[in-house]
Amino acid sequence: MSHPLTYAVVERERRFLLRRLPDGVVRTSAITDRYLLGTRLRLREVVGDDGHVVRKLGHKVRLGEGPAEVACTSVYLDEAEWALLLRLPGHVLRKTRHHVERDGRAVAVDELEDGTLLAEIDDGDRPPAPVPGWLDVVRDVSAEEAWTGAALAARAAEEA
């Protein structure tokens, strides 16, 4: 039997609150995440600026105590699968993702519905590189549970 994380991709993300959106946005996508209650599952719909839609079911398993290192597995869904799974109860988070490429670095900057800017840097298997100077960082929130997608979605549900 294979290990349950055999097909997972490990994300080692650092998150930063930003004062402003940096220059260098190469594309933008609208993302709707639905965190299924009582699970480690997330439904994600991504609509690119060209109108192309991708829908997938994600499974996230933490590899340590905090949210910094996560094993992620994705399954791409067709219309019927999406419609069926969308019936499950969950908390929703909507955001605009700005893909920034500058000075050989790629950074995802999520703009939340309230205007908050949250940058994500995935270091992959490399040691963490210095934060680019062109990111106008307010605070490093990498270790703060409140800034994970699931927590943001739960907070949005409470405020609705």
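Q: How many helices and strands are there in the chain?
A: Two helices and nine strands, where helices (H or I, at least four residues) and strands (E, at least two) are DSSP runs, numbered from the N terminus. This is a predicted model, so local features need pLDDT of at least 70 and side-chain atom pairs count only at pLDDT 80 or more, while totals for chains, interfaces and linings use all residues. Residues are numbered from 1 along each chain as its sequence is written, and side-chain values use heavy atoms, leaving out hydrogens and water.

Q: In what order do the elements run from the N terminus on?
A: The order is β-β-β-β-β-α-β-β-β-β-α.

Q: How do I read strand pairing, say for β6 and β7?
A: Two strands pair if DSSP finds at least two bridges between them. Here β6 (residues 90–102) and β7 (residues 105–112) are antiparallel over eight bridges, and H99 has A108 in β7 as its bridge partner. The two strands make a hairpin with two residues between them, and D103 in the turn has a positive phi of about 55 degrees.

Q: Which residue in β8 is the bridge partner of D110?
A: That's L118. β7 pairs with β8 (residues 117–122) in the antiparallel sense too, over four bridges. Four residues lie between β7 and β8 in their hairpin, and G115 in the turn has a positive phi of about 95 degrees.

Q: Is R87 buried or exposed?
A: Go by relative accessible area: buried is under 20%, exposed over 50%, partly exposed in between (1.4 Å probe, protein chains only). R87, in the loop between α1 (79–85) and β6, is exposed at 67%.
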